[in-house]
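Subject: Handover of a structure

Dear colleague,

Please find the structure below, followed by an account of what was found in it.

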Amino acid sequence: MKKLLFTLCYLLYAIASLAQANTHIKFMGIPVTGTIAQFQGKLIAKGCTYDKKFSASLPNGSRAFTGIFVGNKAHIYVYYDIKTKIVYRTKAVISGVSEDIADQEYSKIKVLLSQKYGSDSEHMYTGTKDDKEATSFISTNDDEEIDGEIDLYITMDEQTWVRYPYNYNLHIDYNDRINTSKHNSQQFDDI
């Protein structure tokens with residue numbers, strides 16, 4: 001009886017350890033995992049709206065939503081593997097803002113991400129993208145294993161005159177480590 005109890009306790013501990021080691025990055029408090037249907041349901045429960053018309057213009061494996069992200073109206077994109085339907089990446093884009101507003105929101109979100117994920121060299125990298133500052137954050141779990149990466153950057157419309165001076169877009173791009181790796185493996189299998 002003691003051996004059985006000991007074995008059962010050890011098994012529960014092993015399962016709990018594995019569950020912690022395989023955590024996923026979170027977007028709007030939702031783990032970036034599960035099928036697109038499951039993830040879509042959770043986004044809609046958070047107040048986002050599925051944009052069927054815009055989704056039709058996107059390539060296979062992506063869907064578009066609208067919603068509020070860090071107090072801003074945003075376009076939300078969800079990327080999933082077309083074979084398994086598993087979500088591996090999400091992105092919020094605050095678009096159609098002036099350069100000043102884009103810079104202000106970039107700074108605000110960068111501070112929030114720094115507070116959540118840390119601003120030391122192990123968790124944050126700064127560089128440039130399209131001549132604008134870009135920052136990447138590494139999300140880790142309690143065991144210091146990487147859950148994913150968040151990229152924060154500003155872009156400008158290609159045809160700047162169309163929406164001038166509101167032709168800047170702030171991107172907050174979440175990549176889940178586990179599911180992105182699985183998605184890439186699927187693509188390698190096709191080659």
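Lys-182 counts as exposed, because its relative accessibility is 51% (exposed means over 50% relative accessible area, buried under 20% and partly exposed in between, with a 1.4 Å probe and protein chains only). Please note that this is a predicted model, in which local features need pLDDT of at least 70 and side-chain atom pairs count only at pLDDT 80 or more, while totals for chains, interfaces and linings use all residues. Residues are numbered from 1 along each chain as its sequence is written, and side-chain values use heavy atoms, with hydrogens and water left out.

Lys-182 belongs to helix H5 (helices are DSSP runs of H or I with at least four residues, strands are runs of E with at least two, and both are numbered from the N terminus). Between the C-alpha atoms of Lys-182 and Thr-84 there are 9.7 Å in space, although the two are 98 residues apart in sequence.

Helix H5 comprises 14 residues, 177-190, and at 1.5 Å a residue it should span 20 Å; its end C-alpha atoms are 20 Å apart, which agrees (the expected span is 1.5 Å times one less than the number of residues). At its N-terminal end, H5 is capped by Asp-176, with a side-chain oxygen 3.4 Å from the backbone nitrogen of Ile-178.

Which residues of H5 are buried? They include Ile-178, Asn-179, Thr-180 and His-183. Among the elements that cover the buried residues of H5 are strand S6 (87-97) and strand S10 (168-176).

**Asn-179**

Asn-179 also lies in H5, and it is buried because its relative accessible area is 3%. Its side chain reaches the backbone oxygen of Val-32 at 3.1 Å (a polar contact is a pair of N or O atoms within 3.5 Å; within protein, one must be able to donate a hydrogen and the other to accept it, and residues adjacent in sequence count only if both atoms are side-chain atoms). Apart from neighbours within four places in sequence, Asn-179 is in contact with His-24, Val-32, Thr-33, Ile-86, Val-87 and Tyr-88 (contact means heavy atoms within 4.5 Å).

Strand S5 (residues 72-80) is mostly covered, with seven of its nine residues buried. It pairs with strand S4 (residues 62-69) in the antiparallel sense over eight bridges (two strands pair if DSSP finds at least two bridges between them). The hairpin of S4 and S5 has two residues between the strands, and Val-70 in the turn has a positive phi of about 50°.

S5 also pairs with S6 in the antiparallel sense, over six bridges, and His-75 has Val-93 in S6 as its bridge partner. Six residues separate the strands in the hairpin of S5 and S6, where Lys-85 takes a positive phi near 70°.

Strand S8 (residues 132-140) is largely enclosed by the rest of the structure, because seven of its nine residues are buried. S8 pairs in the antiparallel sense with strand S7 (residues 124-129) over six bridges, and Glu-133 in S8 is the bridge partner of Thr-128.

With strand S9 (residues 146-156), S8 forms an antiparallel pairing over seven bridges, in which Ala-134 stands opposite Tyr-153 in S9. The hairpin of S8 and S9 has five residues between the strands, and Glu-144 in this hairpin takes a positive phi near 60°.

Yours sincerely
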